[in-house]
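Please read it with the structure open.

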Amino acid sequence: MQAIANYTITEKIHESLHTLVYRAFRPTDATSVIIKIPNGDYPTVSELVRLRNQYAIAKNIESPFIVKPLRLERYNNGFALILEDFGAISLKDYIRLHPLSITDFLKIGIQIAEGLEQLYRHRIIHKDIKPHNILIQPETKRVKLTDFSISSLLPKETLSIVNPTELEGTLAYISPEQTGRMNRGIDYRTDFYSLGVTFYELLTENLPFSCTDPMELVHYHIAKQPMPPNLLNPLIPQAIADIVMKLMGKTAESRYQTAWGLKLDLEKCLQQLETTGQIEPFPIAKGDMAARFQIPETLYGRETEIARLMNAFERVAAGTTELMLVAGYSGIGKSALVQEVHKPIVAKRGYFISGKCDRVKRNVPFAPFIKAFRDVIRHHILTESKQAIANWKEKLAAALGNQGQAIVDVIPEVEWLLGKQPPVPKLPPPKRKIDLIWCCKNLFEFLPAPNIR
């Protein structure tokens, strides 16, 4: 049998593109452990950071509902993460062989809520709650949360927009704000949405949104309401369906605010079921009292300006070209206003790019435009499929002709798409200055530019 870091491998449990998971035997004290290592001889920095993160975040949590990391050891060119083994399998594998009864679902859900309550107390956002990351011991039905590789110890995070295929977390379970397209930060309540999707799958054996296109799936999470689970499975009581739908609220404020409040409702369902054999509808979330004061991330007093932006976007989506300037003092909320167009852009399968007029770079011509287009190439175009990249290359090559180097000089990322470009004749400084002034004059003269204040 193979050996890893002085442990004898007894079984391969899981293999993914980035990691391998084994069950192993530790001869020194005759203990069974789980070992997680990178899948490859030369792991990336990101893969190593995720293993280290999983150990560092969970090592200080003493909870019967969290898988305990034991050690992080050097192994080949990376790390081997040693975890406790309590004879469990993933909940995803378990439900394939054992469809859950309502009683089993409630008992499992209560344990998961306990685990999330422990994370809340330690100021941890898991960010990847799903059946694959919930372990269950088949005989005792003990449940523990695992895989803290992308978890955060920050009470709140702000995400930038990237291609859906590059998002942290699992797209089928990800919360609307975790897509980066909701103009909202993420906190511990992002895990409640993912738990709602998980509950939905446990109860119906289906995901609430089943599509293969990443951008379409992001749009569903942001804007579409799933079919209530009791319409797919009439055996699901209305109270449980209400709990699941509340967990899957589109905004963090509309979900449960504490895992404790969720646990109380699940326990009430279980108590009714064990006492009377059925679960009667009841008002949910009555015991859901948040210990932290949370200010809703909603824009107030900007309805007129938002309506202007939305109307302009609809006109542009229909085929027109417009330029809108948003002006105001520093800190007044210009960026927050502009980012309100995230949702309709996703619905139209468009790109959101932005650039800010910075005092430090005010001597750089077109600095905001340059930053915006560099970002769209780095974070969107180059992360798409080979066919999509080929289409972009063809369109850019046709548009730029033999003047591609002029754009490469200010947006170097264009060369990654088009390759080396032929040099363009160098103009003397006075001529270049006149050309820039002419470009700016024409840009703002021929494009309508309403100023929103």
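The cover over the buried residues of H7 includes H3, H4, H6 and helix H8 (259-276). Those buried residues are Ala239, Ile240, Ala241, Ile243, Val244 and Leu247, where buried means under 20% relative accessible area, exposed over 50% and partly exposed in between (1.4 Å probe, protein chains only). Helices (H or I, at least four residues) and strands (E, at least two) are DSSP runs numbered from the N terminus. The model is predicted: local features need pLDDT of at least 70, side-chain atom pairs count only at pLDDT 80 or more, and totals for chains, interfaces and linings use all residues. Residues are numbered from 1 along each chain as its sequence is written, and side-chain values use heavy atoms, with hydrogens and water left out.

**H4 against H7**

- H4 packs on helix H7 (residues 238-247) at an angle of about 145°, and their axes are 7 Å apart; axes are lines fitted to C-alpha atoms, for helices over the stretch in contact, and angles run from 0 to 180 degrees between N-to-C directions.
- From H7, Ile240, Val244 and Leu247 meet Phe192, Tyr193, Leu195, Gly196, Phe199, Tyr200 and Leu203 of H4, contact being heavy atoms within 4.5 Å.
- The residues of this contact divide into nine nonpolar, one polar and no charged; Ala, Val, Leu, Ile, Met, Phe, Trp, Tyr, Cys and Pro count as nonpolar, Asp, Glu, Lys and Arg as charged, and the others, Gly among them, as polar.
- An α-helix has 3.6 residues a turn, so residues three or four places apart point the same way.

**H3 against H4**

- Helix H3 (residues 102-121) and helix H4 (residues 190-204) cross at roughly 165°, their axes coming within 11 Å.
- H3 is therefore roughly antiparallel to H4, a label for angles over 145 degrees, with under 35 counting as roughly parallel, 65 to 115 as roughly perpendicular and the rest as oblique.
- On the H3 side the contact involves Ile102, Phe105, Gly109, Ile112 and Leu116, and on the H4 side Asp191, Phe192, Leu195, Phe199, Leu202 and Leu203.
- The residues of the H3 and H4 contact comprise nine nonpolar, one polar and one charged.

**Loop residues with positive phi**

- Most residues other than glycine have a negative phi.
- Lys127 has a positive phi of about 75° although it is not a glycine; Lys127 lies in the loop between H3 and strand E8 (134-136) and is buried, at a relative accessible area of 5%.
- Glu205 also has a positive phi, near 65°; Glu205 sits in the loop between H4 and helix H5 (214-223) and is exposed, at 58%.

**Two further positions**

- Leu231, in helix H6 (residues 229-232), is exposed with a relative accessible area of 60%.
- Ala290 is in the loop between H8 and helix H9 (303-317) and is partly exposed, at 36%.
- Ala290 touches Gln257 and Thr258, leaving aside residues up to four places away in sequence.

**Whole chain**

- The chain has 16 helices and 11 strands.
- Of its 453 residues, 44% are buried.
- The accessible surface comes to about 24400 Å², with 56% of this belonging to carbon and sulfur atoms; areas come from the Shrake-Rupley method with a 1.4 Å probe, and for residues only the protein chains shown count as cover.
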